[in-house]
Amino acid sequence: MTDPLEVLKVAIKEKTPGSNPAHIKQTLNRAMENFDRIQGLDTQMRPNTERPNFAAQISEGAKSMYNTIISRGGLTATTAIVAVGLFAFLPATRQGFLPLGIGKNDINVEPMILEKSESGGILELGERAAVAELVITADPSVEINTKDMVSASSSEQPINRAANLLARSEPRLLSRPTSISEASSERFANAHDNPLKITSEAPVSTFSIDVDTASYSIARSSIQAGYLPPFEAVRAEEFVNYFSYDYPTPAPDGAPFRPTVAMMPTPWNTGTQLLHIALQGQKPEIESRPPLNLVFLVDTSGSMASDNKLPLLRKSLQLMLNELRPKDDIAIVSYAGRAAVVLNPTPASDHATILAALNGLDSGGSTAGVEGLKTAYKLASQMKEDGEFSRVLLATDGDFNVGISDPKALEAYIANERDSGAYLSILGFGRGNLDDSTMQALAQTGNGSAAYIDTLSEAQKVLVDQLTGSLFPIANDVKIEVEFNPEKISEYRLIGYETRILNREDFNNDRIDAGEIGAGHRVTAIYEVTPNGSSARLTDPLRYGAGASSVDTPSSKSDEVAHLRIRYKAPNTTTSQLIGVPISAKTLSTPTSEQTFATAIVGFAQLLRKNPYLGDWSFGAAITMAQSSIGDDPFGYRREAITLMRLAESLSP
């Protein structure tokens, strides 16, 4: 039997360029041109976030081969391919001989795909190394001839058969490198920007509150990877609500949250004003909180194998353990091709048992998400006792492909399950096949929130710093309704909340699901409004109809510009309560640093969405505004936002 390592040695010896510098340069140039031809590189491609550099590509390719080829001979051949690849490419990258102007940091080679041979079998031992050597060294200007590669006396060697296979087939032995956009199958939950509303025609605006933050961290991961996020990935309300603000707190014996309203001049339009609506939830009482029953529902499908998915997920959940109390219970359910209970309910103080279960999770198989949800809900229901909270914490990339995979069908399923009293929160991981739309549908319908974990620092923010607010609700089905006075306001538009818009009749309907507020949570919503008589008005007054003759005449009876109404349900209740707050023209004042920073962030989000209402307002203006209002920033999140703005400005065309 021919030793494959000997075959490799012969191939390297025969095709290694001599010591002549001109010969070396010519050979390497030919190699890279042929590499370019085989892969079909016509334009410069953007690097894939899953494989940002060449060393990582080799590592990921080796992992893939290791998982696929388990025999000793297969491992030997895999090693041969990697060795040949290193031999051919490392000198090229050192010398700078890269194809078609692609820079060293732009190479994005997907793992080698070995096609079946003509006889129907996989290329045998030794042929794989031969194919790698042929691909690297063949001259693209001439048809491949086996005599150029090996001597006639070696016709029985695997390298000769591999050369013949390569010469007679289409060059499909290497997968085509793809840009991020080409490789991406991501889906985002979003809609077009809310339209401008004419107050005399539609004076009432109704929506559900939102405390999700996934959109901001997804956009951050894109910008830090060197490209602007697609506009549909940007939800302005999640940008604003990513940050903490110093809003007035509610009275201890009052409503679970306190509303605050204020008006300020619009920085991008001197003829309009911004109406800020803020809700501050009661601060959490850590020591007196009820026990928590937490079910970790972990996606262990094959799509979760990347380092920024399942490995990061394990580390993230480990951070959370120290924040839980001994009376809390933890269970773990995994799902891939099927769902399985990995850890039965266990006291949160038993770190060793919980960590052992987490570290034993491995990825592989398809994604039976619905079976996992059913198992997790059943377990959460069994764990719950009177006065306790149960929450399913689903950690996934959202790639559900077994069972119910349509977001609407998933939403209907979760709607039927939420009456059990178990809340559902979502943690998203990874990029490339991130299904944000499914995660948003699940979180919104499951009485929970959605966050995206791209770094261990984000895990610290979500699962440690904000744990109590993320897991313990103080108000359910929170809806906001603003009625604008047509005698004071001619036009308005709600910035963000496009996926949270409700019909007017939904506000009083307690069967309509809405958003939840957790302990200590803050919610911010911002309207841009146009006062009557302003030159910034974009529409003409009506000639006919109610209020047509007085639409631009200020009322002498009232100074109210709008009226705010809020509906919410206390946890474990089915009847809503109502809060009403009149909004006076007197609320127009010099903005606080908190309002100014929130305005800078909502402006940043609109710039990323290319919102037409901003005119020529720029990233530079947003940066200046944010820098002037950093305020108290103990963890550096606001400063990080300014850095992202600067990067976005540089990346903008």
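Reader: What share of the 653 residues is buried?
Author: This is a predicted model, to start with. Buried residues account for 54% of the 653.

Reader: How many helices and strands?
Author: There are 20 helices and 16 strands in the protein.

Reader: Take contacts with a separation of 6 or more. What percentage joins residues 24 or more positions apart?
Author: The figure is 81%.

Reader: On to the inside. How many residues are in the largest nonpolar core?
Author: That core has 40 residues. Phe 239, Phe 243, Ile 601 and Phe 604 have the most contacts inside it.

Reader: Which elements each supply at least two residues of this core?
Author: Helices H9 (214–224), H10 (236–240), H18, H19 (619–627) and H20 (637–651), plus strand E4 (273–281). H18 gives the most, with nine residues.

Reader: Back to Ile 601. What is it in contact with, leaving aside neighbours within four places in sequence?
Author: Phe 239, Val 240, Phe 243, Ala 641 and Met 645. There is also another core, lying apart from the largest one, with 34 residues. Val 298, Leu 324, Leu 361 and Ile 453 are among them.

Reader: Now Gln 595. Which helix is Gln 595 in?
Author: Gln 595 sits in H18, which covers residues 593–608.

Reader: Is Gln 595 buried or exposed?
Author: Gln 595 counts as buried, because its relative accessibility is 13% and the cut-off is under 20%.

Reader: What does the side chain of Gln 595 reach?
Author: The backbone nitrogen of Thr 592, at 3.1 Å. Setting aside neighbours within four places in sequence, Gln 595 also touches Ala 262, Met 264 and His 276.

Reader: How many bridges between E12 and E14?
Author: Six. E12 spans residues 489–495 and E14 spans 522–531.

Reader: What about E9 and E10, parallel or antiparallel?
Author: Parallel, over four bridges. E9 runs over residues 422–429. Ile 426 has Ala 450 of E10 as its bridge partner.

Reader: Are the faces of E10 covered or open?
Author: Both are covered. Ala 450 and Tyr 452 are buried on one side, and Ala 451 and Ile 453 are buried on the other.

Reader: Last one. Where does Leu 373 lie?
Author: Leu 373 is in helix H13, residues 369–383. Leu 373 is buried, because its relative accessible area is 0%.

Reader: How far is Leu 373 from Tyr 413 in space?
Author: They are 9.6 Å apart, C-alpha to C-alpha. In sequence, Leu 373 and Tyr 413 are 40 residues apart.

Definitions and conventions
Residues are numbered from 1 along each chain as its sequence is written. This is a predicted model: local features need pLDDT of at least 70, side-chain atom pairs count only at pLDDT 80 or more; totals for chains, interfaces and linings use all residues. Side-chain values use heavy atoms; hydrogens and water are left out. Buried means under 20% relative accessible area, exposed over 50%, partly exposed in between (1.4 Å probe, protein chains only). A polar contact is a pair of N or O atoms within 3.5 Å; within protein, one must be able to donate a hydrogen and the other to accept it, and residues adjacent in sequence count only if both atoms are side-chain atoms. Contact means heavy atoms within 4.5 Å. A nonpolar core is a set of buried Ala, Val, Leu, Ile, Met, Phe, Trp, Tyr and Cys residues joined through side-chain atoms within 4.5 Å. Two strands pair if DSSP finds at least two bridges between them.
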